[in-house]
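Student: Could you take a close look at one part of this model with me, the salt bridges, and then show how they sit in the chain as a whole?

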Amino acid sequence: MGVPPSPLIVRVQSPEYGTKRVEARQNETIADFLNKLQTEFGLGDTGWNVYKSRDKKDWIRTSRARTLDSYKIRHGDMLYLFSSSKTSKGQEFSNIAQNIEASPGSSQMLSGSGMASPIPGQGVVEDEVDQILDKEDGKIYRKRNEQLCHHGPQGKCLHCVPLMPYDEEFLHSCEPPIKFLAFHSHLRKLTGGVDKGKFAFLENISCKIKTGCTEHPPWPGGICTKCQPNAVTLNRQKYRHVDYIMYENSSIVDRFLNFWRTTGNQRIGIMYGKYETHKDTPLGIKATVCAIYEPPQVSSKSRVELLEDPKEDVVNKVAERLGIGPVGWIFTDLIADDLGKGTVKHFRGNINSHFLSAEECIMAADFQNKHTNPCKLATEGHFGSKFVTVVVTGDATNQIHFEGYQVSNQCMALVRDDCLIPTKDAPELGYVKESSEKQYVPDVFYKIKDSYGNEITQLARPLPVEYLLVDLPAAFPLEAQYTFKSHLHTEIKPFPASNRDQLGEAQDFNALVSYIQQFPPNRFLEAMSGFHILVFLGTSDMLPVQEKIGMLLDAVRLNDEKLASDFKKTEEWATVEEMMAAHGKSA
């Protein structure tokens, strides 16, 4: 008896339906295989075609005579399914957010804002900063060395030829040395060489069992090599998606830290800003922070618990109309040392402690998975994240210090697939879950050197979280910048930040009246140029300004006095002024 052909798994990608794995056999006819695809993707009889290459070459035509083997389709090959007509899905925003449309081009500035296609290079709208860097040369140009260069002024030699942005010797020679490649330098390295990256692509790690395997019962009844996820060996990530965090001015973080200074309790904030090019790193990206929004939370001196935020969608739409978006999160871990000197204790980042705890790494990974990075080289249309983490703690001189981090893409995958948990007694150690009847967890390893210098492999139970971290600097510019002009005047009592009722700083109508009264009528735009008051106006149900709030947000974004004056003349704002006048008489 002949041996039956072994089954094979063929991956099929579609910009509309994503990626699916289809089981077939080499002697299977093309017609039977296409019928499987029709059932798997829920397609009609016509209006779609399958190709061997993503540029729509090598069309696989239906046939009862030809087999998969005749097209040289092997186990693990990728095919590409395209519809002859595309339909776009519109986005809906609930409640007040329906009235706050995004400003032109602003959505490309925000992380994860592009609608991603699973076909590398097709239909992926990358962030604006990625589009800018993609067009840049990126090479490091050097001047002619008078001692080593013996050619004319127009010539180039080994000592003055431009270097590639991923040149390790140059990066290590910088002051301070650049420890991690910028993500776009990493992409240039992948797409370099003779083939110019024709076959380069980025694929996200999956720690879940592949679905659709019919050769055995579902887990825990069985598993095979085709559906079992690969083991993961943790490596320290050599690149980072963001290279620098810059706060526009000190008043942004001062207001945030005032909560700890007043109560002694820790605090979490969401940083809003934009991603820009960072000239100090070849093809680098910096996260510029313009404001810090404080979501609902319960805090104490040693821990913070985030609560569900019903206003999150509206806050994001307000920010998007202003040309900014969520770029990271910040939290305090401060313990007062000497109240007279204003010093704080130093207990993070030294040899006896940790940089981030496992619980904080898991939370950072949750945020990064929520704000993924659109990437045209990724098979799923997204890869990694630009979302950053900042911890405010004490440094070696007992002064308040800002430390920036991201967790690696491997950590994002472990957390996304619910494989990583914190340990109970050691904050610097995480723990990879063991497989159970409900979940299969692949083996996760990391490598260390023993006392003899030999490299040995360890199972990640437990796991030092330093394998998951990428650090980056966080600081202030030499000259303060102000996206929101209300920060300019220190004599003005600012509008309260969100969710500070614990301090008696409520965002209510009384706070609005008290704040507006500090400004003369001719400084209306300046009064409105503050993130917290704009969030209040955009989320308040009692004020009738939501239908025209977009006009005010545009005025602040463009710094347009005329547009602000037009908003002030609307019936909606006139009603608010009448309410404030009546409130003043009754007070």
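Tutor: Let's start with Arg348, which is buried at a relative accessible area of 1% (buried means under 20% relative accessible area, exposed over 50%, partly exposed in between, with a 1.4 Å probe and protein chains only). Its salt-bridge partner is Asp333, and the closest N and O atoms of the two are 2.8 Å apart. The term salt bridge stands here for a side-chain nitrogen of Lys or Arg within 4 Å of a carboxyl oxygen of Asp or Glu. Arg348 sits in the loop between strand 15 (343-344) and helix 7 (358-370), while Asp333 sits in the loop between strand 13 (325-332) and strand 14 (336-338), 15 residues apart. Helices (H or I, at least four residues) and strands (E, at least two) are DSSP runs, numbered from the N terminus. Asp333 counts as buried too, with a relative accessibility of 18%.

A word on the source: this is a predicted model, in which local features need pLDDT of at least 70 and side-chain atom pairs count only at pLDDT 80 or more, while totals for chains, interfaces and linings use all residues. Residues are numbered from 1 along each chain as its sequence is written, and side-chain values use heavy atoms, with hydrogens and water left out.

Now to another pair, Glu294 and Arg267, whose closest N and O atoms are 2.8 Å apart in a salt bridge. Glu294 is buried at 2% relative accessibility, and Arg267 is buried with a relative accessible area of 2%. These two also belong to a network of salt bridges that links Arg267, Glu294, Arg500 and Glu505.

Arg236 lies in the loop between strand 6 (232-234) and strand 7 (239-240), and Glu466 lies in the loop between strand 24 (463-464) and strand 25 (469-472), so the pair ties together parts that are 230 residues apart in sequence. Arg236 is partly exposed, at a relative accessible area of 46%, and Glu466 is partly exposed as well, at 44% relative accessibility.

Stepping back, a search of the whole structure finds 26 salt bridges. The chain has 14 helices and 26 strands, and 48% of its 587 residues count as buried. Contacts (heavy atoms within 4.5 Å) also reach along the chain: among those between residues at least 6 apart in sequence, 68% join residues at least 24 apart.

The chain is divided into domain 1 (8-83), domain 2 (134-191), domain 3 (240-419 + 468-475) and domain 4 (485-585), with bounds from an automatic or database domain assignment. The C-alpha centres of domain 2 and domain 4 lie 50 Å apart, and the C-alpha atoms of the chain fill a box of roughly 100 × 65 × 65 Å along the principal axes.
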